Amino acid sequence: MKITDAKFVASCSSVADKPKLSLPEFAFIGRSNVGKSSLINFLTGCKGLAHTSAKPGKTLSINHFIINDSWYLVDLPGYGYARVSKEMREKLEKMIDGYVLTSSDMMLLFVLLDSRHDLLKNDLDFLIKLGNEGVPFSIVFTKCDKLGRDSLAAQVEKNKQALLEYWEELPPVFLTSTVDATGREEILDYIDEILKNHKTNNN
Ligand code: GDP
């Protein structure tokens, strides 16, 4: 898929106040600082679309971007912040769960994981919740340039094995680096395939 147009539409805090125009949604989520904003900018080819920063913890609302006038890229708040109050964390968790578990337009949720690290408990808890609730998701390993080829393969395999303790098979897994500009085509083609199937099934 070629992205010819990407525009910010609106911020919301729940399904009730998301944009009125209903379109298929592809959402992105991950722990704060995982590289989500960088990935969104890389995928869309728009540098300033999502706001990146070296400081963790800035996306506190749900942001909709309309892509090619035909689908929404949904930027969800990061989960598992260490540096916000318990009250704020709970509020965010409620916002995230409320959205991902109830938005009927959600085609797929891309869950971002830092390729350098073992899965953390809050990543696993979140993925298990998605599995239990039947939310379709896919895994994106970020910052793959930070490890050498062999260490990357070993770390990805380790994390896949950790997930296979809970699932018999895994959804598609993508390896990305916004520095090396890798993984973009694979993700966009996958979105395209889902959109085409969705269209066929709805006609
Ligand atoms: P967010 O909090 O998940 O939105 O993360 P950001 O996109 O703001 O990125 C957090 C930090 O990681 C920033 O300093 C980015 O420059 C850096 N970063 C993001 N993606 C990559 C990547 O693919 N490779 C490397 N080396 N650094 C990255």
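This passage describes the salt bridges of a predicted model and the surroundings of His 64. Residues are numbered from 1 along each chain as its sequence is written, and side-chain values rest on heavy atoms, with hydrogens and water left out.

Side chains of opposite charge can pair when their charged atoms come close. A search of the whole structure returned 13 salt bridges, a salt bridge being a side-chain nitrogen of Lys or Arg within 4 Å of a carboxyl oxygen of Asp or Glu. One of them joins Asp 123 to Arg 31, with an N to O distance of 3.0 Å. This pair connects distant parts of the chain, 92 residues apart: Asp 123 belongs to helix H3 (residues 121-133), and Arg 31 to the loop between strand E2 (25-30) and helix H1 (36-44). Helices (H or I, at least four residues) and strands (E, at least two) are DSSP runs, numbered from the N terminus. Asp 123 and Arg 31 are both buried, where buried denotes under 20% relative accessible area, exposed over 50%, and partly exposed the range in between (1.4 Å probe, protein chains only).

A salt bridge is also found between Lys 158 and Asp 118, whose closest N and O atoms lie 3.0 Å apart. Here too distant parts of the chain are linked, with Lys 158 in helix H4 (residues 149-164) and Asp 118 in the loop between strand E5 (106-114) and H3, 40 residues apart. Lys 158 is partly exposed because its relative accessible area is 45%, and Asp 118 is partly exposed at 37%.

Arg 184 and Glu 185 form a salt bridge with an N to O distance of 3.7 Å. Arg 184 has a relative accessible area of 21% and is therefore partly exposed; Glu 185, at 43%, is partly exposed. Asp 5, Lys 7 and Asp 69 are connected in a network of salt bridges.

His 64 is located in strand E3 (residues 62-67). Its relative accessibility is 0%, so His 64 counts as buried. The side chain of His 64 makes a polar contact of 2.9 Å with that of Tyr 99. A polar contact is a pair of N or O atoms within 3.5 Å; within protein, one must be able to donate a hydrogen and the other to accept it, and residues adjacent in sequence count only if both atoms are side-chain atoms. Leaving aside residues up to four places away in sequence, the residues that His 64 touches include Lys 7, Phe 8, Val 9, Tyr 72 and Tyr 99, contact meaning heavy atoms within 4.5 Å.

Definitions and conventions
Predicted model: local features only at pLDDT ≥ 70, side-chain atom pairs only at ≥ 80, totals over all residues.
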